[in-house]
Amino acid sequence: MDAVKKKEPFFTKDRSFYKALFSMLVVVALQNVVAYSVNMADNIMLGSYSQEALSGAATVNQIFFMVQQFALSIGNALVVLASQYWGKKEIGPIRTLTGTSLKLGLIVSACILIICGCFPDLVLRIFTNSPEIIAEGKSYMMLVMWSFVLFIITNILMAALRAVETVNISFYISIVSLIVNVAINYVLIFGKLGLPEMGIRGAAIGTLIARALELVIVLIYLARVDKKLHLFGGGGVWRYDRTLKKDFTKVYIPVMCAQVLWGVSVPMQTAILGHLSANAIAANSVATTFYQYLKVVVQAMSSVSAVLIGKSIGEGKMARIRSDGRTLAVIDVLIGVGLGMALIALRNPLLSLYNLNAEATQLALNLIVLMGFVMIGMSYQMPVSFGIIQGGGDPQFTMKMNLISTWCIVMPLSFMAAFWWKLPVVLVVLVIQSDQIFKCLPVFVHFRKYTWMKKLTRENLEEEASSS
């Protein structure tokens, strides 16, 4: 590893760094927008079909949200390690790590199928007591639970591609998925083109077919088009390596804890607002929809940062990483300011799309302004903690920070603000979202220490793999 021989500039001056950053950022952000639009399209079509169908699907989507957190944690852990091996141009360990991730994904999938298939009523009662909603949700879940398995496998394979800076295929897959899902849903939900009207089961079939198509496309790409991984060549993906498995487990556990523990808190925070008033539910739903659409840019920045920082560590450019990290952190703030200003500036035109009463409209306006400021804090702390710090080899910091901030600070204060102090809705939302702001301080302090730069790769693994 290179010794620090001269002081690096504050910002990175390498044009190839900026080219790689923004080309990947645009593609990953667009992919996230399209993927989010799939759920929006489902909600709109089911909402126009029946309220019970919409509620049943929304209940099952709470389960999918948790499945998504497990899938993302496996993919993110894979990126942390694989991107460093990509920096070293060692492909064999990446194939083996992908195989380890796929095996873990299959274990998680089996557990999900057992829980959803054997105890559907029990699972759905966690979110609702309505017999009508449970009946619709059960009908939906018995089909859509198989799509959970397909989603997990596809997400892991696309994470492997992202680790070697291949991102375009993910965008194309999302576009195809959106078109297929919307088309099938329209035909099967409402019974068009001479087919029977299937309601919520039609939506489940559309989702299942779209997820299957996603997996087929990524498998064909890996087998026929990909020139970097050669994932299924030579059996490397199925090779067992105890050392790499140990390294992956060491990274995965804190990544999973940070992702899943945060994921569990999201429906609980939604439930807090759901107990306040009908206007609070409607206003928060509208404000959150706009916020989530812009949040995909921040999530994309996190993903891209992890790849670029991990690659630089693998290349041994330890002094250069400081400049790269500072550059990314400043860009994060600029992105946050831009997104926050856009959200606030567009609040009136966006709200004109909804038919809310006067009180709910005013509340939504206030919440959007609040979320605009929250966006700035989130745009800094999320890409720096999940992207730079975690991607740089220090997932333990992100796990500890999110565990303390979410479960020791935000959740208790949120319950007290809503049910004990009975604060106004805007202040309750401020408390719920406050961690997006106050986490900026510990993230900044830890980032500036640069102790998160950790080489996680092993030496001579390519030689060992070829000789075994």
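Guide: Happy to! A residue is buried under 20% relative accessible area, exposed over 50% and partly exposed in between, using a 1.4 Å probe and protein chains only. This is a predicted model, where local features need pLDDT of at least 70 and side-chain atom pairs pLDDT 80 or more, while totals for chains, interfaces and linings use all residues. Residues are numbered from 1 along each chain, and side-chain values use heavy atoms, without hydrogens or water.

Let's look at helix 5, residues 131-163 (helices are DSSP runs of H or I with at least four residues, numbered from the N terminus). Its 33 residues reach 45 Å from first to last C-alpha, close to the expected 48 Å (1.5 Å times one less than the residue count). Along the way, helix 5 bends by about 40 degrees at Met142, the angle between axes fitted to the seven residues ending there and the seven starting there. Helix 5 is mostly covered, with 26 of its 33 residues buried.

One of its partners is helix 2 (residues 51-87), packed at about 15 degrees with the axes 8 Å apart; axes are fitted to C-alpha atoms over the stretch in contact, and angles run from 0 to 180 degrees between N-to-C directions. Helix 2 is therefore roughly parallel to helix 5, a label for angles under 35 degrees. Their contact residues divide into 24 nonpolar, ten polar and four charged.

After helix 5 comes Glu165, with a positive phi near 65 degrees. Elsewhere, Lys422 also has a positive phi, about 55 degrees, although it is not a glycine; at 62% relative accessibility, Lys422 is exposed.

Technical notes: Helices (H or I, at least four residues) and strands (E, at least two) are DSSP runs, numbered from the N terminus. Angles under 35 degrees count as roughly parallel, over 145 as roughly antiparallel, 65 to 115 as roughly perpendicular and the rest as oblique. Ala, Val, Leu, Ile, Met, Phe, Trp, Tyr, Cys and Pro count as nonpolar, Asp, Glu, Lys and Arg as charged, and the others, Gly among them, as polar.
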